[in-house]
Amino acid sequence: MESAAAPEPVFSIVPADERHLEAMMAVMHVAFHAHYGEAWSSSQLGATLTLPGCWGRLALVGAQAVGFSLCRAAGPEVELLLIAVTPELHRRGVAGRLLLRVQEDAMARGASELFLEVREDNEPAKYLYDRAGFARIGRRADYYTAKDGSRRAAITMKYSLEQLIG
Ligand SMILES: CC(C)(COP(=O)(O)OP(=O)(O)OC[C@H]1O[C@@H](n2cnc3c(N)ncnc32)[C@H](O)[C@@H]1OP(=O)(O)O)[C@@H](O)C(=O)NCCC(=O)NCCS
């Protein structure tokens with residue numbers, strides 16, 4: 001008998017604020033590779049969530065957090081600060097849905113451009129952003145420092161929100 005493909009996860013995307021700090025940190029701990037030191041601390045994330053212009057989104061399967069995003073708006077620009085998905089659900093479309101919601105949120109706030117920085121060798125994230133229509137607009141050498149002291153460049157990417165309308 002043929003084995004059935006894994007069913008698509010049914011997940012929802014909800015607003016996240018300081019009350020969801022623990023759930024977001026649980027995803028943070030498992031999603032980010034310790035070597036690169038990219039995971040934020042609980043105090044960093046908690047403080048950012050309270051800043052004006054910052055907002056989060058949580059992806060839930062039932063009551064279980066499986067992903068999140070974090071953004072900051074500054075005038076007509078929005079920066080995607082973080083996006084992460086629990087490894088068990090990678091390649092199931094969770095980040096793609098979160099990213100679409102980020103784009104919609106940014107547009108609803110009247111922004112015209114969405115920016116982000118991604119480690120140059122973070123292939124899954126680069127694929128994700130390429131697929132979502134982000135363009136590479138710059139490279140910052142030695143931007144990230146890994147646990148062993150080695151440096152990695154950051155790629156700056158931009159998405160023009162008018163693309164969402166067209
Ligand atoms: C990057 C990350 C958020 C992607 O999450 P995800 O839920 O697995 O992504 P999705 O399933 O929505 O993938 C959407 C598309 O991105 C691309 N993609 C994502 N992961 C990929 C991988 N490992 N290899 C190739 N393409 C990939 C694919 O085009 C994919 O579409 P497809 O599966 O239909 O081909 C996840 O790998 C992660 O949490 N990484 C650690 C945290 C991180 O590095 N965040 C980014 C910097 S803040």
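**Ligand shell and pocket**

I noted that the model is predicted. H4 gives the most to this shell, with six residues.

I then listed the shell itself. It holds 20 residues, and Ile83, Arg91, Gly96, Asn122 and Arg131 come nearest to the ligand. By class I have 13 nonpolar, four polar and three charged residues in the shell.

Next I checked polar pairs. A backbone N or O atom of Ile83 lies 2.8 Å from a nitrogen atom of the ligand. For Arg92, I found a polar backbone atom 3.1 Å from a ligand oxygen. In the case of His90, an N or O atom of the side chain is 3.5 Å from an oxygen atom of the ligand. I also looked up the cover: the ligand has 910 Å² of accessible area on its own, and the protein covers 79% of that.

Which pocket does the ligand take? I found that the ligand's space is the largest pocket. I recorded about 1,300 Å³ of space in this pocket. Its lining has 37 residues, with Ile83, Asn122, Ala125, Leu128 and Tyr129 nearest the centre.

Last, I sorted the lining by element. S4, H3, strand S5 (113-119), H4 and strand S6 (135-145) each supply at least two of its residues. The largest share, seven residues, comes from S4. My class tally for the lining is 23 nonpolar, six polar and eight charged.

Technical notes:
Residues numbered from 1 in each chain as written. Predicted model: local features only at pLDDT ≥ 70, side-chain atom pairs only at ≥ 80, totals over all residues. Heavy atoms only, no water. Near = heavy atom within 4 Å. Polar contact = N/O pair within 3.5 Å; in protein donor to acceptor, adjacent residues only side chain to side chain. Areas by Shrake-Rupley, 256 points an atom, 1.4 Å probe, with all protein chains shown as cover. 1 Å grid on protein atoms, 1.4 Å probe; cavity = no way out; pocket = protein on both sides within 12 Å on 5 of 7 lines; lining within 4 Å. Sits in = over half its atoms within 2 Å of the grid points. Helix = DSSP H or I, 4+ residues; strand = E, 2+ residues; numbered from the N terminus. Nonpolar A, V, L, I, M, F, W, Y, C, P; charged D, E, K, R; others polar. Points joined across faces, edges and corners; volume = space filled by probe spheres on them.
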